[in-house]
Amino acid sequence: MCDHCGNQEMETAESQEAARREKLKRIRHSASHIMAEAVQSMFPDAKFAIGPAIADGFYYDFDLPRPLTDDDLATISAKMKEIIKANVPFEHSSMSKADALEYFGSRGQTYKVELINGIKDEEVSIYKQSNFTDLCAGPHVRRTGECKHFKLTSVAGAYWRGDSTKPMLQRIYGTVWPTKAELDAYLAIQEEAKKRDHRKLGKELDLFFMHPYAPGAIFWQPKGYTIYQELHKLWSEVQRGEGYVEVYNPLMYDAELYKTSGHWDHYQDAMFKLDVDEKTMCLKPMNCPDTMLFFKQHKHSYRDLPLRVAERQVLHRNELSGALSGLTRVRQFMQDDAHLFVMPEQIEDEIGRLLKLIAKFYEMFDMSYKFYLSTRPDDYMGDPALWVKAEEALANALEKNNIKYKLNPKDGAFYGPKIDIELQDSLGRQIQCATIQLDFQLPERFQLEYVTADNSVARPVVIHRAIFGSYERFIGILIEHLAGVFPTWLAPVQVAFLPITDHFVDYCNDLAKDFEAAGIRTYVDDRSEKIGYKIRQTEMQKVPYMLVIGQKEVDAKLVNVRTYKDGERGTMTPDELKAEVLDRIQNRTLDVNIKKLDLEAFAHDEAEEETDNY
Ligand SMILES: [Zn+2]
Ligand SMILES: [Zn+2]
């Protein structure tokens, strides 16, 4: 039992989790050795690079005489099964460095030789199973039989030591789990994740595309941009209700701005710079510094605070080209960003409001979330008394709102404590989107001031906050979370009219016009195709409402309704349907079935280091 919180369960759960991770690491790294042995038996001249355990499996990099095929993976996998069935032990020993250089050198293992030369100790650690011997610090499982529940998943190219000037190796990825049930569950999630990949669905649903002429930037198709705009509309409404003002600042700034803010020293590598009029100008990578200029433009009194300033503006960050990926890692994006200027005594209230807002947002999409409070690091800046007060305010706000959170001691930024919000999507993945960050430094650097009630001058505290994070990233997550099935209010097409023959196109067009005028997005499929084909196509586009119109409907002045969520709904009058759709739009109803694969154990731990045991 913990003396401080009276909680026994949590501590046990945490140590169990640590033990589980340790076990997973051992079987994963051991599986990589077994795979290497299988590869050695197929390619006696294979050269071995490294084979670490990673977040959800393992890999090994090989230098092979020819490219691997899918058939090779099956052969390697079969050979691994033999080794596992033989249940041979992993034997640990050591060699002097000289002996190891001789041993691996005489076998042409040039990568191992390079690794050995980089080891400082006089002795090196060796692991051996059957006739495969590897330079390895371990630890391993006892016998190969413990790696029974594995699967090889893919082959990729990888440069030796991640250096593009070095030779390109072949990397085989695999996964392995303690039980068959866990392996099956993991593979099922991977299958589902593949189907839901936002890059794949983005193409199928015609939401966005990318082009090599604009690397790291998104071309939003009309359908995707509709979603973008709906989210923005939602934001504007909420912010107006919460007393925010919106500004629209420039995109390009003199580098002096970032020297003042301090970003120049830490962040300039990620900034796009241009030479203009013999000055260095920068495309802004964040809205914070220019929002400080906005604040300084007027004199402020304590009565103006909290001053909540939102800005929706294009940001650019020079992400490495190799890191770019779909909507989740881009160079050009927009944040749902805001900066709140507050008096220190307003922090708690303001944070409480933000926490409620965040909870409301994620619940709108049925996403689960976790809160983390990060406190003062050793290299902090600013007044320690203010830090203490601010941390207390953050903790109070969390507690008063009955929000459970985890403490990340000393994990705050040097300029202020923060609350991170990690959301869990329907594939069980933890994703960091929202942050509430307190900042004592920017007000200092920009010499921000307000006049207090007793007519003296004081410095405000800045709260940075983003809830979606970036629109791009959030839409990417949303596509995968919803498996491409958007609720009516977000759906690019809300109601599709499907005339059974050309004969009914006019009736459909008239109805569609009426629906559009009411604020409903419609589509009339006036192609001369069979109705079955039209229905299938509309289903594939995941349109929430589908109306099949034939003679019967025209005569009775009715519509025959099918919904994506509930299937066949029977006939209604157009006005009844219109009222239902408008109600769902106005209330932003989450009218979709979300299939959750809520398996935390399988969550990707992206922070986990990919280090080899040498
Ligand atoms: Zn090893
Ligand atoms: Zn900011």
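Biologist: Which helix holds Asp-72?
Modeller: This is a predicted model. Helix α2 covers residues 70–86. Asp-72 is found in α2.

Biologist: Is Asp-72 buried or exposed?
Modeller: Buried means under 20% relative accessible area. Asp-72 has a relative accessibility of 6%. Asp-72 therefore counts as buried.

Biologist: Which residues is Asp-72 in contact with, leaving aside neighbours within four places in sequence?
Modeller: Contact means heavy atoms within 4.5 Å. With those sequence neighbours left aside, Asp-72 touches Met-42, Arg-66 and Pro-67.

Biologist: Now α3. Where do the buried residues Lys-97, Ala-100 and Phe-104 lie around the axis of α3?
Modeller: Lys-97, Ala-100 and Phe-104 are buried in α3. They cover an arc of only 60° around the axis. That arc puts them on the same side of α3.

Biologist: Why can residues a few places apart point the same way?
Modeller: An α-helix has 3.6 residues a turn. So residues three or four places apart point the same way.

Biologist: Which residues are exposed on the other side of α3?
Modeller: Exposed means over 50% relative accessible area. The buried residues of α3 pack against β4 (91–96), α4, β5 and β6. On the other side of α3, the exposed residues are Ala-98, Glu-102 and Ser-106.

Biologist: On to α4. How wide is the arc of its buried residues?
Modeller: Helix α4 spans residues 110–117, and its buried residues are Tyr-111, Lys-112, Leu-115 and Ile-116. Seen down the axis, they line one face of the helix. They do so because they fall within an arc of 140°.

Biologist: Which elements do the buried residues of α4 pack against?
Modeller: One helix is on the list, α3 (97–106). The strands are β1 (47–48), β3 (57–63), β5 (123–129), β6 (132–135) and β8 (168–177).

Biologist: Last pair. Are α11 and α12 parallel, perpendicular or oblique to each other?
Modeller: Helix α11 (residues 347–364) and helix α12 (residues 384–400) pack with axes 8 Å apart. Their angle is about 40°. Angles under 35 degrees count as roughly parallel, and 65 to 115 as roughly perpendicular. α11 and α12 are therefore oblique.

Biologist: How many residues of each class make the contact of α11 with α12?
Modeller: The crossing is right-handed. By class, the contact has eight nonpolar, two polar and two charged residues.

Conventions. Residues numbered from 1 in each chain as written. Chains lettered and ligands numbered in written order. Predicted model: local features only at pLDDT ≥ 70, side-chain atom pairs only at ≥ 80, totals over all residues. Heavy atoms only, no water. Axes fitted to C-alpha atoms, helices over the stretch in contact; angles between N-to-C directions. Helix = DSSP H or I, 4+ residues; strand = E, 2+ residues; numbered from the N terminus. Parallel < 35°, antiparallel > 145°, perpendicular 65-115°, else oblique. Left-handed = near helix turned anticlockwise from the far one by under 90°. Nonpolar A, V, L, I, M, F, W, Y, C, P; charged D, E, K, R; others polar. Buried < 20%, exposed > 50% of the residue type's maximum accessible area, 1.4 Å probe, protein only. Arc of directions from axis to C-beta.
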